[in-house]
Amino acid sequence: MLEKILLALTQVILCVLLAPFIQGIIKNAKAKMQNRVGPSIFQPYRDLIKYFKKDAVISDHASWFTRVTPYICFTIVLVISLMIPMITLSAPLGFASDLILVIYLFALSRFFTALTALDAGSSFGGMGSSREIMLSAILEPALLLSALAILLQIGTTKLYVAATAINSAPGLVLQPTYFLAFIAMVIVIITETGRIPVDNPDTHLELTMIHEGMLLEYSGRYLGLMMWASQIKQLLIFSIFISLFFPWGMSAVANDIVSLGLGLVVFILKLVCLGVFFAVIETMYAKMRLFQVPRLLASSMLLSILAIIITVVK
Amino acid sequence: MELTREHFILLLIQKIGNKAVSIDKSNQLNTVLKVNKYNLLEVCLFLEKEQGGRLFTMVGTDERKVTGYFSLYYVFAFDKYQVFMTVKIDIDEAEPTFPSVSAELPAANWYEREVNDLLGLRALGHPDRRPLVLHGDWPEDVYPLRKDYDAKQMAPRVENRESYMEYEGKEVVQIPVGPIHAGIIEPGHFRFGVVGDTVLHLDARLFFTHRGIEKIAEGMSLDKALLLAERVCGVCAMSHAVSFAQAVEDAANIDIPERAKYLRMVLLELERIYNHVGDVGNICAGFGFAVGISHGSRLKEQLLRLNEHITGNRYLRGIIALGGLHRDISSDDLKLILETLDEVAKSFDELTEILLSHDIAVDRMATTGVLSLKQAEDLEVVGVAARASGRNVDCRKSHPYALYDKVKFNVVCDEHGDVLARANIRIEEIKESMGIVKQAIANLVEGEVCTKVGMIRPYTIGIGWTESARGENCHWLMIGPDNKVFRYRVRSATYNNWPAVALAVPGNIVPDFPVINKSFELCYACCDR
């Protein structure tokens with residue numbers, strides 16, 4: 001029991017501490033590919049420390065919603081971080097680690113963020129949330145479908161069960177359904193993490209923002225929490241991707257230090273690789289027209305449906 | 001039969017001479033026709049609509065101490081004959097009004113609002129009575145460009161009576177943006193009326209960087225005013241300096257040495273090249289295309305360092321003198337220019353190939369922010385923006401200065417009028433500019449680079465113009481006693497082009513605004529002055 005609690009704590013702390021690092025890796029990798037020196041990979045930590053030291057200014061028109069949302073969002077990602085297998089093939093909140101629940105917990109956090117963006121009555125917030133909600137209406141089914149394309153084969157919606165199954169039968173991954181689902185999921189992840197070609201996380205152009213637009217009214221520790229939460233969310237999404245497509249290296253037992261340590265190293269390595277992968281995509285593409293993003297997501301859904309049909313027909 | 005320039009002027013005088021109170025032909029290129037103010041509209045319409053002139057600039061002056069009147073000068077350019085004609089009206093202080101021509105000539109809109117703000121001369125019948133240059137907290141009856149207003153005094157601030165466009169309707173949302181922006185850019189307030197993400201109307205409020213440069217210049221010696229002219233704007237410093245110097249040289253009626261003319265062309269084209277290279281990279285920032293942004297800024301940096309090496313200033317300040325150049329450029333430096341340009345041309349070709357073969361980038365640029373030819377003509381849009389919409393204006397060709405009539409180059413035009421067309425024009429113009437630099441350096445003659453500007457007869461008017469990276473910059477100068485500035489009016493390309501941005505945006509979606517704005521690449525400072 002004790003080691004389970006310890007493991008759960010480790011996993012949460014790991015997520016919280018590692019998320020800015022992954023963000024730093026992506027930013028630095030992008031800079032390197034664009035011929036720039038780029039910020040240090042530890043810059044996101046310094047940014048967070050800076051935000052937490054600063055005063056938070058909140059609009060006079062904002063209600064208690066604005067104050068509460070950062071804590072809600074942060075709590076939600078902490079809860080989700082217990083549901084996804086990372087170092088071990090089991091998740092601390094295994095009984096609840098249902099993928100559908102995870103997706104809708106993300107939706108809950110999105111709901112609060114979007115609502116709060118309207119709270120202060122600034123036009124950028126309104127623009128950001130209307131765009132975010134428009135996209136999420138298509139994003140959520142797309143994410144669900146691409147995950148289902150894989151989960152259907154294994155016959156579960158529990159992430160750790162799927163990870164264990166794929167870990168023990170690596171041959172699964174070589175099937176065409178996997179390939180289709182892989183592309184579908186990459187598209188979804190780009191959208192979910194707010195990256196180019198869907199959203200530009202580094203832009204200062206208020207008028208083009210989607211996710212960042214909703215955070216414009218925040219400052220100080222509130223902004224820090226929101227940024228941190230979205231970095232953790234990015235790490236979690238990467239983890240879902242890892243557990244569905246390459247779970248190998250995760251520790252099968254929870255009480256062997258060596259295999260846990262190995263699991264940790266492999267996990268971090270996989271995250272870094274994924275980060276660099278998405279940095280490459282971001283550098284290769286430009287931001288597409290806002291109204292073409294649904295089309296991109298539709299193509300992701302199409303691939304997932306194809307994958308599902310193949311599975312069902314078999 | 002083709003008319004010669006002299007015949008054309010005679011023809012014009014023949015047709016409207018009966019409206020004229022007096023005709024001043026002392027400047028061969030710029031005939032001044034003084035008319036009664038009630039004939040203003042008729043004469044302006046005749047010159048613009050029937051004779052194909054375009055409103056080059058309009059200047060209001062306070063000449064009460066000299067002639068007893070305020071005067072307005074409407075300068076029309078006739079591209080076909082490479083000549084100007086100025087229509088002048090006198091306005092009595094007791095009745096400081098004049099008939100507006102804006103309803104018929106939309107290009108006159110801002111000019112007339114500006115003389116209302118700065119000189120208190122009211123355009124009767126003007127469709128837009130809102131202040132332009134001075135904002136709502138400036139007292140209503142204080143006119144800074146009147147000679148009796150002391151530039152050093154502080155104007156009292158009054159309660160803000162600024163009024164903005166308000167948008168109404170069930171589905172219409174109003175988005176105010178600026179004047180302070182998130183990026184490091186100049187201030188401007190934009191008000192979008194949108195339905196969903198589609199823009200219905202855009203109202204741009206500018207002139208936040210109005211520094212009263214024209215007022216400060218009054219009474220300054222010409223040498224000192226040149227330094228001021230160089231600082232009207234950062235990225236058009238060379239173009240403004242040459243425009244001012246040419247205005248002085250025009251008033252003094254002197255010819256500068258041939259070597260100086262060639263070198264001025266080299267420097268002017270260097271300014272255009274670094275601007276265009278940087279602007280193409282900047283357009284990429286509008287849709288987050290990182291490769292374009294970094295290569296654009298890398299190449300721009302390379303060119304800025306070249307500038308610094310040649311002139312000692314990254315933005316080419318301090319080399320232009322009245323009557324030529326302050327110092328010669330050595331043959332080693334000229335060689336370096338050619339070498340660097342070759343290097344940049346090679347890398348820039350790679351960049352354009354990447355950019356124009358990138359599906360998303362082209363998709364974002366094509367059909368975005370279309371400015372129609374009709375709109376461009378009505379507003380007298382100039383520069384890249386005009387040529388991208390099929391309006392062939394380039395004062396290097398139509399009113400050659402320096403030795404632009406001695407070098408071969410094409411005026412690149414496109415008719416699509418979208419962001420892609422404006423990017424393409426820049427890409428092509430860089431090649432043309434490099435050609436001009438090469439020819440200028442090849443044809444360069446030895447000799448002096450500066451002539452002396454003597455005493456200029458007081459109240460002589462000089463006009464200087466250059467085609468900057470953004471379009472023609474026109475400096476209108478009236479010399480006072482002792483070779484000092486009496487009235488100085490800077491009309492930059494952006495002054496003509498800003499109203500066009502507001503027309504190109506409606507119908508597009510809000511997230512496309514930054515890329516449209518960047519494709520026009522207008523500076524605020526040289527519009528606001």
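Let's start with helix α11 of chain A, residues 293–313. It has 21 residues, and at 1.5 Å a residue these should span 30 Å; the end C-alpha atoms are 30 Å apart, so the two agree. Keep in mind that this is a predicted model.

Which residues of α11(A) are buried? They are Val293(A), Leu297(A), Ser300(A), Met301(A), Leu303(A), Ser304(A), Ala307(A) and Ile308(A). Look down the axis of α11(A). The buried residues fall within an arc of 155°, so they line one face of the helix. Here is the background. An α-helix has 3.6 residues a turn, so residues three or four places apart point the same way. On the other side of α11(A), Arg295(A) and Val313(A) are exposed. What covers the buried residues? The cover includes α5 and α7 (176–192) of chain A.

That brings us to α5(A), residues 123–154, and its contact with α4(A), residues 99–119. Their axes come within 9 Å and cross at roughly 175°. Angles over 145 degrees count as roughly antiparallel, so α4(A) is roughly antiparallel to α5(A). From α4(A), the contact residues include Leu99(A), Ile103(A), Arg110(A) and Leu118(A). From α5(A), they include Gly125(A), Glu132(A), Ile133(A), Leu144(A) and Leu151(A). By type, the contact divides into twelve nonpolar, five polar and three charged residues.

Last, the two chains. How many residues does each chain give to the contact? Chain A gives 23 residues, and chain B gives 23 residues. On the side of chain A that touches chain B, the residues divide into ten nonpolar, eight polar and five charged.

Technical notes
Residues are numbered from 1 along each chain as its sequence is written. Chains are lettered from A and ligands numbered from 1 in the order in which they are written. This is a predicted model: local features need pLDDT of at least 70, side-chain atom pairs count only at pLDDT 80 or more; totals for chains, interfaces and linings use all residues. Axes are lines fitted to C-alpha atoms, for helices over the stretch in contact, and angles run from 0 to 180 degrees between N-to-C directions. Helices (H or I, at least four residues) and strands (E, at least two) are DSSP runs, numbered from the N terminus. Angles under 35 degrees count as roughly parallel, over 145 as roughly antiparallel, 65 to 115 as roughly perpendicular and the rest as oblique. Two residues are in contact if their C-beta atoms, placed from the backbone, lie within 7 Å. Ala, Val, Leu, Ile, Met, Phe, Trp, Tyr, Cys and Pro count as nonpolar, Asp, Glu, Lys and Arg as charged, and the others, Gly among them, as polar. The expected span of a helix is 1.5 Å times one less than its number of residues. A residue is buried if 20 or more other C-beta atoms lie within 10 Å of its own, exposed if 12 or fewer, and partly exposed in between; C-beta atoms are placed from the backbone. The arc is that of the directions from the helix axis to the C-beta atoms.
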